[in-house]
Each structure stands twice: as structure tokens, then as C-alpha cells.
Amino acid sequence: MSTAEASTIAALGRFLVDQRSSYLAFGLAFVLLWSVWRRHHQLMDQIRVLSRTFASWHAPFLLLVAFLPFPTAVIGSALTNPMAQTLFAGTMAGIVFCEVALKEVSADGLVIGDAAQARRHADASWAVGFWFVLSLGLAWVFSYAYVLWIIAPVAAGYGGPLISRLRARRNDPHDEETSPNGSYSEHAGCPILRTPRTVRIQCAPLSGRRRAHVLLSMLQAHIFPVAMRLRSVLKSALTASGVFSGGNRGLMGWRSRGRSWERRVL
């Protein structure tokens, strides 16, 4: 081997060693993008029907995924630069928030399984997105803020359940403003708060069949007995005045027994 060849090999070796930050940036981007790809495929396995909103959110999602190699190259050449870290963390936060939007939309009747589980997965993605936003701000005061990206799964594991509890607390109708005489129960999966004057139902977005089921159940439980009671009072008044002298069969086979109603099979 000649001296010129030896010097060329040595120069190439020094160049490859100097590019170690690029290797780190490439490996980090690959792991993060692989985790997003894996979660997206898990979501698509649960989708039973597509909507226009769900398909539309894939446009910014794929745009940011295609843009990711550029901030990866920038951060590979200047790993501790705050602007480079801001560019990379902002791109990753945008990708994760698009993933959140896809999961939130899919939980509204698009998934095969439990919609609550899809929302819990969305809460975990919310935590990861906020984690990247946090690192984006810390990059200007801490030159090694990129270390936070490596432990992003920790944010999903602990931040996701926290966001789920905050979401459940916000949606809980049995809060401090509730009347002390009210009662709390559930019907058809929907929390129902009954007070002496009001009946409040708070549900997640329902499908058409489930919404009809809840409406019919409320009609049967509240509206129909009141209508039968009014009919009984009107019938008694007309009978006492001699205008009506019908039997005691009841309307459509329904008969009053105290505070309850029973239907007689004819």
C-alpha cells in the first residue's frame, strides 16, 4: 500500500468519525419514525370504515413524515444547536399531533373495538406530543435537550393515564355544581344525573342506533308514565262529569298500578 493510499484511508476514517452526530440523528429519527409507523398500523388494523375527515388528516401527517429527513440532516450537522433541535422537535410534535387527530377521529365510530381504548391511545400520543413541545423549549436553555426524545415512551406511559384522568374528570357530570338531592346512574353506557326537576345525560358521541336506543329508553322511563298519568286524571275527570263511561282496560293494554305501569297481554 502506497503512502498516498494510506493517507486517503486515514482521511476517510477521520471523516467518518467526525460524522458521529449524523449517525446518532439518523438512528434517533429511525426509531421515532418506526414507533409512529407501528402505532399507525395498529390503528389501521382496528378501522372498520373510513371517513372523509380521517382520510384528510393523512395529508399533513404524510407531509411531515416526508419532511423529516431534512431536520434530521440539519440536526446531524449541528446536534447541540438550539435551532436545529427546535426544527426536529417541532416536526416530530407535528407528526405526533396528526397521529392524535387520527386516533380521536377513529374513536368516533370508526374502530372495530372499544372506542374508549382508542381514546386512551390518543391520550398517550397527546403526552408524547407535549413531551416534544417541552423539549423544543428546553433546547434554548439546555444544549442536550435531545436526550428527552430518547425517553419519549416514558412520557406515553405516565402522561397518557394522567391525561385520561383529566379527560374523565372534565366529562364527569357529577361535579360540585350538582344539586345535593340529585342521583347519579348510568344507562346504555351514558352517565345520567337525575335531580328533582331535571334529568341530564352526558355521553360521548353516539352512533345513530345507540342514540335512538337511548331516546326510546328515556321516553319509556319518563315521558310515557307521565302521559299515562295525565290520561288517567283526564279519564277520571270525564267519568265523574258523566262525559265518559268507558271500562278499565287502559290505553293499548297499559294499566296503572299505583306508581308503576304494567302492560296486559291480550
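In helix 7, the buried residues (under 20% relative accessible area, with exposed meaning over 50% and partly exposed in between, for a 1.4 Å probe and protein chains only) are Ala118, Arg119, Ala122, Asp123, Ser125, Ala127, Val128, Gly129, Phe132 and Ser135. The model is predicted, so that local features need pLDDT of at least 70 and side-chain atom pairs count only at pLDDT 80 or more, while totals for chains, interfaces and linings use all residues. Residues are numbered from 1 along each chain as its sequence is written, and side-chain values use heavy atoms, with hydrogens and water left out.

Helices are DSSP runs (H or I, at least four residues) numbered from the N terminus. Helix 7 has 24 residues and spans 35 Å from its first C-alpha to its last, close to the 34 Å expected at 1.5 Å a residue, the expected span being 1.5 Å times one less than the number of residues. Ala116 lies in this helix (residues 115–138) and counts as partly exposed because its relative accessibility is 35%. The C-alpha atom of Ala116 is separated by 9.9 Å from that of Ser164, 48 residues apart along the chain.

A cavity is a set of points on a 1 Å grid over the protein atoms alone where a 1.4 Å probe fits but cannot get out, and its lining residues have an atom within 4 Å of a point. One cavity of 30 Å³ or more was counted, and the largest cavity holds about 30 Å³ of space, a volume being the space filled by probe spheres set on the points, which are joined across faces, edges and corners. Leu24, Ala25, Leu28, Ile75, Leu79, Phe88 and Trp149 line the largest cavity, and helix 2 (residues 20–45) provides the largest share of this lining, three residues.

Conventions: 1 Å grid on protein atoms, 1.4 Å probe; cavity = no way out; pocket = protein on both sides within 12 Å on 5 of 7 lines; lining within 4 Å. Helix = DSSP H or I, 4+ residues; strand = E, 2+ residues; numbered from the N terminus.
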